[in-house]
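This report describes a protein model for a reader who is new to structural analysis. Please have the sequence and the model in view while reading.

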Amino acid sequence: MTSRQRTADSNSLSPRRRTVVKAAAATAVLAAPLAAAWPAGAAGAPAFLHGVASGDPLPDGILLWTRVTPTEEATPGSGLGPDVEVAWTVAKDKAFTTVVAKGSVTATAASDHTVKADVRGLAPATDYWFRFSAGGTDSPAARTRTAPAADAAVAGLRFGVVSCANWEAGFFSSYRHLAARGDLDAWLHLGDYIYEYGTGDYGTRDTVVRQHAPTHEILTLADYRIRHGKYKTDPDLQALHAVAPVVAIWDDHEFANDAWSGGAENHTEGAEGAWSARQAAAKQAYFEWMPVRTATAGTTYRRLRFGKLADLSLLDLRSFRSQQVGVGNGSVDDPNRTITGRAQLDWLKAGLKSSDTTWRLVGNSVMISPFAIGSLTADLLRPLAELLGLPKEGLALNPDQWDGYTDDRRELLAHLRSNAIRNTVFLTGDIHMAWANDVPVDAGTYPLSASAATEFVVTSVTSDNLDDILKVPEGTVTALAAPVIQLANRHVHWVDTDRHGYGVLDITAERAQMDYYVLSDKTKQNATSTWARSYRTRTGTQKVERTYTPV
């Protein structure tokens, strides 16, 4: 997310934000709560305190993940603890009476005692149960599901869609409600799975609901491991990981705010070490702690297929991008600047052109639809600019989104049009608001110009949006800002600037529909969920339309 909510100018250091706490001290912060979570009567035995997960489903396989704590001192990021053999088992039933695959892997301190098993030889479009075992202790059992066969005629697919989960801003009720559905083929996490800030340094309506660990901004490999470990103790996140495979990409906060290939807005070179070292540490911890299969080493761009109905191209929009434009720092239209990098853009274009599925889904961490602010009043413009990382004088673009890299966007949309590539749907997070957009070839002449694709943007799980920044009742800002935004952006069918929640994407051969759900109160553990709106794109139209019932 491109918010600039910081306690100091990027060229100065705030003692609270910039103090680097040694890993040993940070580990001590975690030791007490993890020890308290140790299973009764299991002292000295390995424990599975961070749940289990699966991800990146294939027709014949699935990637399984867990983290074993071999001894009480072997907390995340500690570098402590012995090697331990971890067995994994996959079965057709929860009772594990019909085992179909099993094996083992060694958990070591070198990988923070995380383990993965890339299981193959499974049947397509099939539910399985899995668990891990170590030292006589079994992990919880969890459900996963393989993808349909590549040539299968698939009647429908259903995915949960989430992004932007700031631990300190609230509870992860969105995950709990998605887990309770029991009908997901998989769930997509579109970035900002974790946040890098120190405690109290990122928007929480001035109230830290629950505190980060470590409490300082994360900079080192140990820091990133501790933060991932803290997130994986959340019961709602564990519940969702235990019922369906995740398909995840990263955005900036898995690294640092407004990250680009050579740095980040929230990184001070030298005072916080070298960006290359910080980026490498963040990537290592991410791949240790997430059930993500790397098709290209060190990135999250890859492609999954779900029968003849859909394929899903997943983007990495942080590793290769040029620095965001700023005052005196280039032009958004400069063809030498890129958000994707040349190799990834060529890969995406080739995949979209060669696709023979009904739908081409693109997992996209920042909004591709153009966005002009329009004539917002100053009291709305300033917080919107703060949220989006815009100059508060009102420059009408978001340089961290595709708006800041218009040549890449122009090339991609021209490719869709010139090759008559239909049914491309961008699935997006980052912006802490919900949107339903056409993606126009030329926003300046839309709707007279064509729409090349559609885009569904989901709001944040907990991260602050406009009503939080302004500290006004939920819905207040949407009522004022949405009409102005839509007037200046005729391709935007709907925007909700205020609420938190998640999406459910349902796909058939006839249409792709996003149902938007909102939470009653992100600061309450028992927050309820309510359906808010639904939009769909019908096959062949490249247009979004409202529909009045969820799937």
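In which loop is Asp-258 found? Asp-258 is found in the loop between β11 and α6; helices (DSSP runs of H or I, at least four residues) and strands (runs of E, at least two) are numbered from the N terminus. The model is predicted, and local features need pLDDT of at least 70, side-chain atom pairs count only at pLDDT 80 or more, and totals for chains, interfaces and linings use all residues. Residues are numbered from 1 along each chain as its sequence is written, and side-chain values use heavy atoms, with hydrogens and water left out.

**Overall composition**

The protein has eleven helices and 22 strands. Of its 551 residues, 62% are buried, where buried means under 20% relative accessible area, with a 1.4 Å probe and protein chains only.

**The nonpolar cores**

A nonpolar core is a set of buried Ala, Val, Leu, Ile, Met, Phe, Trp, Tyr and Cys residues joined through side-chain atoms within 4.5 Å. The largest such core has 40 residues, and Phe-172, Tyr-175 and Trp-187 touch the most other members. Elements that each supply at least two residues of this core include α3 (173-181), α5 (235-241) and β19 (501-507). The largest share, six residues, comes from α6. Apart from this core lies another, of 33 residues, among them Ala-186, Leu-309, Leu-505 and Met-514.

**Two helices in contact**

The axes of α4 and α6 come within 8 Å and cross at roughly 35°; axes are lines fitted to C-alpha atoms over the stretch in contact, and angles run from 0 to 180 degrees between N-to-C directions.

**Backbone exceptions**

Most residues other than glycine have a negative phi, and most peptide bonds are trans. The table lists exceptions.

| Site | Feature | Angle |
|---|---|---|
| Ala-213 and Pro-214 | cis peptide bond | omega about -10° |
| Tyr-446 to Pro-447 | cis peptide bond | omega near 10° |
| Asp-112 | positive phi | about 60° |
| Asp-258 | positive phi | near 55° |

Pro-214 lies in the loop between β10 (186-189) and α4, whereas Pro-447 is found between β16 (434-440) and β17 (451-457). Asp-112 counts as buried because its relative accessibility is 2%. Asp-258 likewise counts as buried, at 2% relative accessibility.

Notes:
Buried means under 20% relative accessible area, exposed over 50%, partly exposed in between (1.4 Å probe, protein chains only).
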